[in-house]
Amino acid sequence: MTSWLRAYGSVPLCLLLCCLAAPRAEASAAGDSVCWSPTVSSCAECLGRGPQCAWCFKEDFLDEAGLSLRCDRPVNLLRRGCEVEFMEQSEMKVEVNATISSTQVSPQDISITLRPGSEANIIVAVEQLERYPVDLYYLVDVSASMQENLDHLKTVGVALSLRMTEHSSDLWLGFGSFVDKPVSPYINVHPSKINNPCSDYEIRCRPAHGFHHVLGMTGNMSEFTRTIKRQRISGNMDTPEGGLDAMLQAAVCQKAVGWRPEAKRLLLLMTDQPSHLALDSRLAGIVTPHDGLCHLENNVYTGSTQMDHPSLGQLSDKLLENHIYSIFAVEKQQYQWYEELVRLLPGSYLGKLGLFQAPNLIELVVDAYKRLLSEVEVSVSVEDQAASRYWVSVSPLCPDGSTAKDQSCSGVKPSQKVFFNITIGMHSCPDHGEDEDVTVTVRPVGYNESTVVRIHSKCRCSCGPTKRCNDDSQSQCSGTPGSTNQGPRPDPGLIQDSNRESDWNCRADGADVDCSGRGVCECGRCVCEQSRLGAVYGKYCEIDEFSCPYGGGLVCGGRGVCVSGRCVCQDGWMGDSCGCPVSTATCRSADGLLCSGRGRCVCGRCVCDDSRRYGDFCERCPTCQSTCQSYWRCVDCHLSHGLSQKEGGHCNNTCAPLVGYTDDVSGPAGEKWIQCLFISNDGCRYRFQTSSLSGQTQLRISTRPECASSSRLVGTFLSVCALTLLCGLVVVAVSRLLLQKRGGSPGGAAEERGYHCTGKDLSYIPTTNEKTVTYRRDRPPDHPVEMHIQVPKMPLGDPWQY
């Protein structure tokens, strides 16, 4: 066996990666319920529940608890103390034999190892070549109604050979005929009608026959034409013909027909009537099913009167097995009947002909050949005796990148490849429970190459080098555990005495009941009872999976085991339900302090010392004073005692434990110290620094106050007042200047723009201008609202402003 990756490097990597054994993924919770069951008592039963299950064959696993606890998901068994080397797990493997050369289908030999419930993916590539040799076999209905159509075939051979040179490198033709089964009620069995069914019409006809192979495959078109000219019609009684019976013989009798191994094989059925189906032969008393074999003697089908017509499934299998495309040339009256038939036959083509004339037949053959070659389809078959224990799915990837819903790709051109992702899964083992070898065949329809998949099913357990699985096949009371030898039976009385003594081995120290009251003592060992709530195990059945506190929906939070009602936590965890981490890393803030120095770490979370604080690290406190303001009382206390170390002890009740004095704290504050300012009652400013980085509060108070004199304050006050007055005067002056520019000067241009009244104009100037404006609403009140506007008389000397 060699790697397929080296031999087929041009195949897309994303597809090749699928060629690996892959168990079906299950959710963890679902996997637990699928694997464990109180009824599982053997390794074979355990692995049969699915590929996610494993069996622990460690001899002292869980102090010899119940056998069902040995079956679980590997992660659960590992948590309970079963190492990986003591686990029997599902083994799945895919091997590709790349040493077999192929031109169309690759790879051609694959080996797979499966266990029940597992599946494997393989990739099969199918490539269409540029030009194929073609074998075309004409299978013609020669009943009386086909006389005219038979005459049209005389000119088909040469014309079809010339036309097919565009698509094929070499065309060979063959010929065969059929009518129906030569028994009653399908034919007239009167002696005068058997040899000449057309005697009533004074015409010499051939006897009725199920299938007659007339001409084997030949490239001599002249010989084909001469054979057609020698053909005569025959006759039968009923309407349907025996076309499907004849098709099966033409497909399986390869040696007689002369099918070439390297050629594309086309079987053309020409008829104007429907065909008999399986079970139709019961009318003639023929009840033996068809065996699917060739029964030709002297080129005549001898099994026609002995076996029933083949079923559609049987005919489909034989066509696929012998790489044959089927073409149906029927008259339009029968098109609907054959349309339903073609859907059940892979690699088949239906043509509707108004007349069986030579040009129509040639076009039908050419179109069918092009259509069938451009559609790539695979058929997967499993051995009949094992078909119910396996399942298969096919997903094609077409050259244009699309994924077809069915098992085929259309529009494929020569030299293009189609990839088929084939998934094969195993349901169950045989009834006898032994390993078996099964063959699955992947056949591209119409291709003379196929892929053989050899499946080896693993139904038995090896259980490591010792071959001891410690399951129900091994008795603990018959000697050494795991022994399967049956020695002489001891005296029953001795066994009872021994059991009485060994019952004390089932009681824990200080206990007055066997197996903690949750099991029975057998052979000096506790067999624990099972509960719907979970598993019970341990040497004295003292451990369970349900009587301890839950965390996150799991017993002991999934981080410990339940022993006598209490959680025994794994390293790094503590608490009643193992939900608290031992580490305080989750409580440390960005500055490295535990809860920012303002709380303690409890169960992985900060509990703040001050109830006003909150946040992941006690860093938030909207109602707290600022850091500087909280130390003003302390600084004031030290100032009142003259900043003396001797007198500073009087401030211990209001100050931090560490207070120091310094000459200069005016430098920039770093990450450790915070700069603060305090103003005393005498107006002096004192600078101080505070720090809590080390977990203890520290203060450093400056001994140099910043004080201002009274004369300096008076000067500053007078300066501010003078500046304010000056600004007001400037604003007033600027406003006056702007108003004058907008109004203009009183003389000059103002006079020119004035309006002078003459005596004549006085009559037009009213002494009083009064106008009354009344506003009314949509729904006015009782009295309308009136507004009076009076404009007083304007002096005549004032100019009009505009």
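Residues are numbered from 1 along each chain as its sequence is written. Because the model is predicted, local features need pLDDT of at least 70 and side-chain atom pairs count only at pLDDT 80 or more, while totals for chains, interfaces and linings use all residues; side-chain values use heavy atoms, leaving out hydrogens and water.

**A covered helix**

Let's start with helix α12, which spans residues 312-321. Helices (H or I, at least four residues) and strands (E, at least two) are DSSP runs, numbered from the N terminus. How many of the ten residues of α12 are buried? Seven of them are, where buried means under 20% relative accessible area, exposed means over 50%, and partly exposed lies in between (1.4 Å probe, protein chains only). They are L312, Q314, L315, S316, K318, L319 and L320. An α-helix has 3.6 residues a turn, so residues three or four places apart point the same way.

What covers these buried residues? Just after α12, H323 takes a positive phi of about 60°.

**Salt bridges**

A salt bridge here is a side-chain nitrogen of Lys or Arg within 4 Å of a carboxyl oxygen of Asp or Glu. By this rule, the model has 14 salt bridges. Three of them are set out here:

| Pair | N to O distance | Relative accessible area |
|---|---|---|
| R468 and E59 | 3.2 Å | R468 27%, E59 35% |
| E363 and R163 | 2.4 Å | E363 35%, R163 25% |
| E434 and R460 | 3.2 Å | E434 34%, R460 46% |

Take the salt bridge between R468 and E59. R468 sits in the loop between β21 (451-457) and α15 (492-502), and E59 in the loop between β1 (54-56) and β2 (71-72), so this pair ties together parts 409 residues apart in sequence. R468 is partly exposed, and E59 is partly exposed too.

E363 and R163 also meet in a salt bridge. This pair links helix α14 (residues 358-374), which holds E363, to helix α7 (residues 156-164), which holds R163, across 200 residues.

In the pair of E434 and R460, E434 lies in the loop between β19 (417-426) and β20, and R460 in the loop between β21 and α15, so parts 26 residues apart in sequence are tied together.
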